[in-house]
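Open the model in your viewer and have the selection panel ready. We will go from interface to interface, then stop at a pair of helices.

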Number of protein chains: 6
Amino acid sequence: MDRQEFVDRLDDRLRTDDYADLDASANGLQVGRRSGTVDRVAIAVDAAEATIEAAIDRDADVLLVHHGLVWGGLDRLTGLDYDRIEPLVENDVALYVSHLPLDGHQELGNAAILADRLGLAEQEPFGEYGTEYVGVRGTASDAYTTADLSARLDAELDTETRVLGFGPDEIEDVGIITGRGVDWIEAAAETDLDAFITGEGKHESYHEARDLGVNVFLAGHYATETLGVRAVGELAEKWGLETTFIEHPTGL
Amino acid sequence: MDRQEFVDRLDDRLRTDDYADLDASANGLQVGRRSGTVDRVAIAVDAAEATIEAAIDRDADVLLVHHGLVWGGLDRLTGLDYDRIEPLVENDVALYVSHLPLDGHQELGNAAILADRLGLAEQEPFGEYGTEYVGVRGTASDAYTTADLSARLDAELDTETRVLGFGPDEIEDVGIITGRGVDWIEAAAETDLDAFITGEGKHESYHEARDLGVNVFLAGHYATETLGVRAVGELAEKWGLETTFIEHPTGL
Amino acid sequence: MDRQEFVDRLDDRLRTDDYADLDASANGLQVGRRSGTVDRVAIAVDAAEATIEAAIDRDADVLLVHHGLVWGGLDRLTGLDYDRIEPLVENDVALYVSHLPLDGHQELGNAAILADRLGLAEQEPFGEYGTEYVGVRGTASDAYTTADLSARLDAELDTETRVLGFGPDEIEDVGIITGRGVDWIEAAAETDLDAFITGEGKHESYHEARDLGVNVFLAGHYATETLGVRAVGELAEKWGLETTFIEHPTGL
Amino acid sequence: MDRQEFVDRLDDRLRTDDYADLDASANGLQVGRRSGTVDRVAIAVDAAEATIEAAIDRDADVLLVHHGLVWGGLDRLTGLDYDRIEPLVENDVALYVSHLPLDGHQELGNAAILADRLGLAEQEPFGEYGTEYVGVRGTASDAYTTADLSARLDAELDTETRVLGFGPDEIEDVGIITGRGVDWIEAAAETDLDAFITGEGKHESYHEARDLGVNVFLAGHYATETLGVRAVGELAEKWGLETTFIEHPTGL
Amino acid sequence: MDRQEFVDRLDDRLRTDDYADLDASANGLQVGRRSGTVDRVAIAVDAAEATIEAAIDRDADVLLVHHGLVWGGLDRLTGLDYDRIEPLVENDVALYVSHLPLDGHQELGNAAILADRLGLAEQEPFGEYGTEYVGVRGTASDAYTTADLSARLDAELDTETRVLGFGPDEIEDVGIITGRGVDWIEAAAETDLDAFITGEGKHESYHEARDLGVNVFLAGHYATETLGVRAVGELAEKWGLETTFIEHPTGL
Amino acid sequence: MDRQEFVDRLDDRLRTDDYADLDASANGLQVGRRSGTVDRVAIAVDAAEATIEAAIDRDADVLLVHHGLVWGGLDRLTGLDYDRIEPLVENDVALYVSHLPLDGHQELGNAAILADRLGLAEQEPFGEYGTEYVGVRGTASDAYTTADLSARLDAELDTETRVLGFGPDEIEDVGIITGRGVDWIEAAAETDLDAFITGEGKHESYHEARDLGVNVFLAGHYATETLGVRAVGELAEKWGLETTFIEHPTGL
């Protein structure tokens, strides 16, 4: 497939432009030329030395990630930025990034797919972010206990979930914002959700959850964010491209 | 002691004014009237429902914390803010806050005291933040291995340190910024530190440490930040005040 | 009535949200918890020590005012702010504020009701403020002289109107922006109004009125702004609540 | 005297440049060419149609005022701005403006001279405004009562002072910021002044003075600000120029 | 014609208001009063001493230009600004300005008329600038060579075109943004235009054109911008006004 | 020489850090790694496809230019930016940039060296830009006529100078800001310079020079800016490095 067509299809499907003014991440084609073709796509959560090397080892034409290399622009191309971008340039591997567009996507997104995995029905957007949403909420047909939901997350995501269990023990209404979604704990409380699932916490989330009486499930930033890029990989497979997923958990 | 004098002494000793334009936290007297007296001071890391209730139970006149309630101003006094501030007002307990001034203090600060505990010599300021510093660096007389340093942190801080061990195994030069100090990993690498100790990590810290070849020790946000407020408590004892420390770890 | 329902009804009726980005005042529920009930509502122009004490004396559950306590956010809760908010918190009196929404409301607003009192027909919005209006204009069926209009204002508002009488002596088309509306004198001139009524002037208004040839009537900030809150009080009465108006003129 | 020299001497004496980034007013030569000579200087508080016409009638080469025509720049030169500037241009009358530099000047300024008139000793700067001050404070050798001080202001300034008499009846320490100085009421309270004198009030000043327990004297914006320009006029006389004061009170 | 009507007609026809937030130029009536009448209109590209004097010599009531005197507001009215505005005021000549509105106008604009002169068909807006366009693109029925197009521009505009001939020699699709349009060279490349015509270049345009492989024709800032004001002059003639064009090329 | 040492020496000598907040250009090492060595330095005015290719052809380790590739940061690394940066990365050629530091340098800078070439004595900084200067002024021992000075510039810089000869014919005091220095024409007039030399003009410079009565010499952006980089090249030669100058005039 022409590289430009690959980029255009993804931008269109993921609504890249709609997040252009919201996201510090430069989404879409972030590094590389628009000409040339794409046969093999490497998929990873993060763009970093390890995943870039793996993509090159696997002869990828494009590395598609959730977390790219350019956040709020590059002041210059030196140091850590240079070290990571150099192998991409030398091996003509383009970097395609989808950060918030892939968090908020109601079908291919990290939260949407996790909601599917947890069997949540009546899904709708959750987590306002400017003019868009970055998560999903839904309702469990059979209520979970906090222990059940924690175990289910561990099993689905191969993770060790930490529970701030300050809410009700019976859980039906669940909100999900993967990664660093703890800024929406108060929104979860105001929406009367029984549980809020996200990736990594921060210190002040503990007291926020406690004082608001909300169940917060911290299932890991990496663990909650392999889902979206994998789904985009499956899409690319349908377009006839070869894909390969580069697993590199951070434990965070 | 007059409440105003207590506030003035602390502001002076902690250089509160020098951080006024740098810190989102409203440092100094954050909630309460300036008149009245102080006999008993409760000390905690965080101002939240649990610690505020404990301070009231212990008949404190002032609650002194590292993390207060007002960050960047209050838009209105409702919801979670109201619920936390109400018991302070009803019981006339003042809230004194010292955030960055207590991180960066080269004698009473979180990092300075941890450096003492680890036996670091030749201490000097580390971690530029605008016109000030928020941490400390120093040199171990006997080199640590990563395992030794991790064990020492666990013992000193009653915590479970997580190590991103991408640097040298022999550690002499150590930088410390407690709490959420991971934004200074690159500064640690540029200064050729053998190890950088902080509180909590975030997902991208993993690859940043890995690609820069730095040892990062994540010893817990709460665990690394009881030291400064305790030291201020000892100071208050010397001024003839009664103090009480409210332990409430968050595990984060 | 549930307190939350009371707040929701008022926010809805007064279009609080539409002024959220325009007004430095934190409109709506400004201080207090959302739970609990409302039986008695105290009404005043200003939230200050005198009116807050009166509201407490009269056993009010809510104090509803035009001028609240939070303008552009609170940096901390100390000093004058603490002294005013403390009795509200101690007595669990909520503070509901409606500033620009009540200036611009075309039915319950200060200007709209004054226009009714003056017998102005064909009323329409006047005084653009971003995307909204903060006043009203209308036409007198029988023309006023400046002396007549001044006397009529004195009688209706129990005030002593000061006239900057630089316009025509026969007045038909009248614009009204209560309180500190003098920034719209030039707008009044451009719209060819015969008279512009507002609350308090400022020094430069004199020459502005003189050089533009406009009649400006300064009827007092307090005097022109009791109308809107009284109208909201009548509305609350209709909802079955007991109301009490706290009169406290400032003479300004 | 050369016009340029006249401008340079005033800018130097009044420290015009030190207020350049603080003041919305374009201080110094605001309208006119720098070439030519100055023989006669008209002095007024405000630049407006009436005072500009009077300056032309009196054959002035320069009109020197406290309140000029350009505040924060001119978007275009039409309407009221054109009408006021046109006669200056047509008659080659330059406009020299000194706003905050003349409020804060510790010798020629409005507040400094009023302090002299009231017999205040130990004068020092009062009223911080960025890096400068805009007023003066001092101590009366014999204490005033509020009634005495009010009467004295009426006599000295030919005005009708309004007193917000919420402070002590015996007045020794007095702060003065002429014109619209009411934003410094809280500063006056924090400095433990017995009285604060300014020009015009605003509605919220009433409750602010009341709740802080401060005596505020509102002596009129115009009345308190003839002193500085008159003093500059005397200076110009000493330089050998002819001066004429244009009296045009606004009553505000 | 009444001056106000003249201004209103032009503002309406040129869509002055639509460019209000986009253009540093104060478009519409920039200097002068709105009352009075217009009989004779002088037309020029630039407002400057030479053209203003010529307008006065020719007894014009209004000087209509593309480049006015106020860009981003006047801080004060002195120096060069005073020297240029003074003769306008003294002779009561109003200044009407149309900058970007006249660049982007699809019928009367500089680019649109040049496109007509070059015989370009299928014209449509080119050159996004915020919410508007500032140029035109179209297609030549018979392809030009670069030499032909350059010669044609020289003949039509009485200029000496400089060609950065880095694109194809056969030219069909042409974009035009007069004056200083070089910031749109990359847009021309992305739109696959065969040539981009503008007024003046800047140093970096050379390499930008070269590296992008675009033909850029620099036909002179003055030379490309007499067309729009002349067209507006013809419109004024149709309204019954007398017009006179003041030719004053800058050679730039 | 170690690459890092080369960069440090230049940064120190050119005072790169002092311009960090003033210049949109990312001065110093702009692209490339800090490790490795430098033996051969290519010197050019502009970084662009042609000069980058030439630097690679000549086996340079570093390309040192006045105009780099990053102005105000890179949003992403694609398109024209990618095409220019790719060959640098692939061939491990570092890019060192010195923009304003090299304009304002009083010894090695473009203006300073041109002043030497023209025989100007008593040189001092000219052209304030924030806290720094970007040019030089000096006095000719023997006065030039405008024709002489133009001819001298043509000879020294191999250019065709265009003269806006609106000032005195006898020229002694000369200001120089190379490149796009026309924003300082008014400063030249206020400093009573007889002539102002810069690189390229813009349309409005014509009337500005005319109305202010200043001689402006436009000697070409490229032509006036080869001097500084050549001087830095000579410095590098003294350090024992091999240098090569890449000539590529733009004619602008």
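Buried area is the accessible area, taken with a 1.4 Å probe, that two parts lose on being put together, summed over both. A note before we select anything: this is a predicted model, where local features need pLDDT of at least 70, side-chain atom pairs count only at pLDDT 80 or more, and totals for chains, interfaces and linings use all residues. Residues are numbered from 1 along each chain as its sequence is written, chains are lettered from A in the order in which they are written, and side-chain values use heavy atoms, with hydrogens and water left out.

**Stop 1: chains D and E**

Select chain D and chain E. About 2000 Å² is buried between them, and carbon and sulfur atoms give 49% of that area. Now show D:R76, D:Y82 and D:V89: these supply 30% of the area that chain D buries against chain E, more than any other three residues. Each chain brings 23 residues to the contact (heavy atoms within 4.5 Å).

Which residue of chain D pairs with E:E86 in a salt bridge? Pick D:R33, where the closest N and O atoms are 2.9 Å apart. The interface of chain D and chain E has two salt bridges by the rule (a side-chain nitrogen of Lys or Arg within 4 Å of a carboxyl oxygen of Asp or Glu). Next, colour α3(D), which supplies seven residues, the largest share of the side of chain D that touches chain E. Helices here are DSSP runs of H or I with at least four residues, and strands are runs of E with at least two, numbered from the N terminus.

**Stop 2: chains A and B**

Move to chain A and chain B. Here about 2600 Å² is buried, 54% of it from carbon and sulfur atoms, and 30 residues come from each chain. The rule finds four salt bridges across this interface.

**Stop 3: two helices in chain C**

Finally, select residues 49-57 (α2) and 79-90 (α3) of chain C. Their axes, lines fitted to C-alpha atoms over the stretch in contact, are 10 Å apart at an angle of about 10°. The two helices are therefore roughly parallel (angles under 35 degrees between N-to-C directions, on a scale from 0 to 180). Show C:E49, C:I52 and C:I56 of α2(C) with C:R84, C:P87 and C:L88 of α3(C) to see the contact.

Notes
Angles under 35 degrees count as roughly parallel, over 145 as roughly antiparallel, 65 to 115 as roughly perpendicular and the rest as oblique.
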